[in-house]
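Here is a short briefing on one structure. It covers a cavity, a ligand site and a strand arrangement.

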Amino acid sequence: MALILRTDAARADAWRAALERQAPELDLRMWDEPGDITDIEFALVWKPARGVLRGFPNLKAIFSIGAGVDHLFTDPELPADVPVVRMVEPELTRGMTEYVVLHVLRHHRRQREMEANQRAEKWEMIQVPTAPARKVGIMGLGELGGASARALAGLEFDVAGWSRSPKEIPGVECFHGDFGLDAFLARTEILVCLLPLTPETEGILNADLFAKLPKGASLINAARGGHQIEADILTALESGQLSETTLDVFREEPLPAGHPLWRHPRVTVTPHNASLTDPIGAVKQVIANIERIRRGEPPLNIVDPKAGY
Ligand code: NDP
Ligand code: OXD
């Protein structure tokens with residue numbers, strides 16, 4: 001039983017160590033030294049080159065190192081008969097909840113302005129609404145969006161969420177589907193995107209959507225750069241339709257030198273690290289799923305290829 005690993009070079013040692021420690025019986029192959037490819041039954045991957053996975057004839061499952069699987073479904077040659085399993089792992093969820101709470105609080109408390117005032121040695125008491133008077137909206141109420149919505153509701157923000165199918169989450173006003181989107185946006189002052197990137201959600205954070213938010217709303221995108229039209233974000237910031245934005249993800253990553261988002265005074269840039277998969281916790285999930293497959297059970301967190309998430 002062999003598992004092939006493909007991850008960022010910077011994190012390969014940590015993944016390798018976690019696999020060797022927690023699954024010593026596993027025949028671990030590295031991407032650049034696959035050996036006999038007919039042995040390979042499992043692939044644990046982040047952004048594999050297009051067409052490569054199709055070359056393993058005996059694959060039983062493809063495990064995504066990330067929660068997002070767009071890096072796999074953009075491969076037109078992805079083997080259609082092999083289940084794709086996404087990463088659901090408590091520490092990944094916790095990391096994202098921390099990121100969302102941190103940046104919602106920064107927007108809510110107008111922390112960016114406070115920091116600019118400090119730099120200018122300006123003493124100005126900025127009055128902000130109470131949390132129950134602040135309307136936060138989360139696009140995507142899955143593993144990550146659901147946890148963030150619950151955490152913000154726990155801080156007594158006025159939280160709403162938007163998903164594809166109807167949901168019930170205590171303390172969260174739930175909207176769904178195309179017909180629920182406008183009402184969700186009309187009431188949202190701080191918008192958080194935690195959608196998967198699919199053909200339906202590509203480019204969703206655009207000028208039309210921003211125009212449906214109350215003037216001066218703010219945006220946090222911790223999902224994918226493909227969700228956002230960056231020129232529209234800059235225009236909305238200039239017009240005041242958006243007051244500020246925090247972006248963890250970009251159309252091109254790393255964000256190119258000289259890109260206007262780097263230096264915009266009302267943009268916070270983070271380098272796609274809202275939540276990084278922890279190899280130790282993630283390997284536990286992968287091993288548990290390999291055991292399920294061995295017992296003839298379907299793996300947990302299997303992706304619906306039609307929906308693309
Ligand atoms: P899930 O699959 O658990 O949840 C996705 C949510 O989005 C669901 O509520 C789903 O609705 C909703 N959704 C999907 N398509 C649509 C649509 N067309 N209209 C409305 N709602 C839609 O994903 P996760 O919460 O685990 O992860 C979300 C994304 O976060 C990942 O795909 C990834 O891109 C990103 N991510 C970013 C990280 C970072 O560091 N920046 C780290 C980890 C993840 P329904 O519930 O009805 O199915
Ligand atoms: C993920 C990511 O999808 O890190 O998990 O972006």
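A cavity here is a set of grid points where a 1.4 Å probe fits but cannot get out. Rolling a probe the size of a water molecule over the atoms shows where empty space is left. This is a predicted model. With a threshold of 30 Å³ or more, the structure holds one cavity.

**The cavity**

- The largest cavity has a volume of about 60 Å³.
- Its lining includes F63 and S64. V85, R86, M87 and V88 also line the largest cavity. Q285, V286, N289 and N301 are lining residues too.
- Two elements, β4 (61-64) and α10 (279-294), each give two or more residues to the lining of the largest cavity.
- Helix α10 supplies the largest share of that lining, with three residues.
- By class, the lining of the largest cavity has five nonpolar residues, four polar ones and one charged one.

**The site of ligand 2**

- Which residues surround ligand 2? They are W46, G66, A67, G68, R224, H272 and S275.
- By class, this shell has two nonpolar, four polar and one charged residues.
- The backbone of A67 places a polar atom 2.7 Å from an oxygen atom of ligand 2.
- For G68, a backbone N or O atom lies 2.8 Å from an oxygen atom of ligand 2.
- H272 uses its side chain: an N or O atom there is 2.6 Å from an oxygen atom of ligand 2.
- How much of ligand 2 does the protein bury? Taken alone, ligand 2 exposes 210 Å², and the protein buries 87% of that.

**The sheet**

- Five strands form an open sheet. Their order is β2-β1-β3-β4-β5, and the pairing is parallel.
- Which strands are at the edges? They are β2 (27-30) and β5 (84-85), and each pairs on one side only.
- Strand β3 (residues 40-45) pairs with β4 in the parallel sense, over four bridges.
- Within this part of the sheet, A43 stands opposite I62 in β4.

**Where the topics meet**

- Edge strand β5 covers residues 84-85, and V85 is one of the residues that line the largest cavity.

Key: Residues numbered from 1 in each chain as written. Chains lettered and ligands numbered in written order. Predicted model: local features only at pLDDT ≥ 70, side-chain atom pairs only at ≥ 80, totals over all residues. Heavy atoms only, no water. Near = heavy atom within 4 Å. Polar contact = N/O pair within 3.5 Å; in protein donor to acceptor, adjacent residues only side chain to side chain. Areas by Shrake-Rupley, 256 points an atom, 1.4 Å probe, with all protein chains shown as cover. Nonpolar A, V, L, I, M, F, W, Y, C, P; charged D, E, K, R; others polar. 1 Å grid on protein atoms, 1.4 Å probe; cavity = no way out; pocket = protein on both sides within 12 Å on 5 of 7 lines; lining within 4 Å. Points joined across faces, edges and corners; volume = space filled by probe spheres on them. Pairing = 2+ DSSP bridges.
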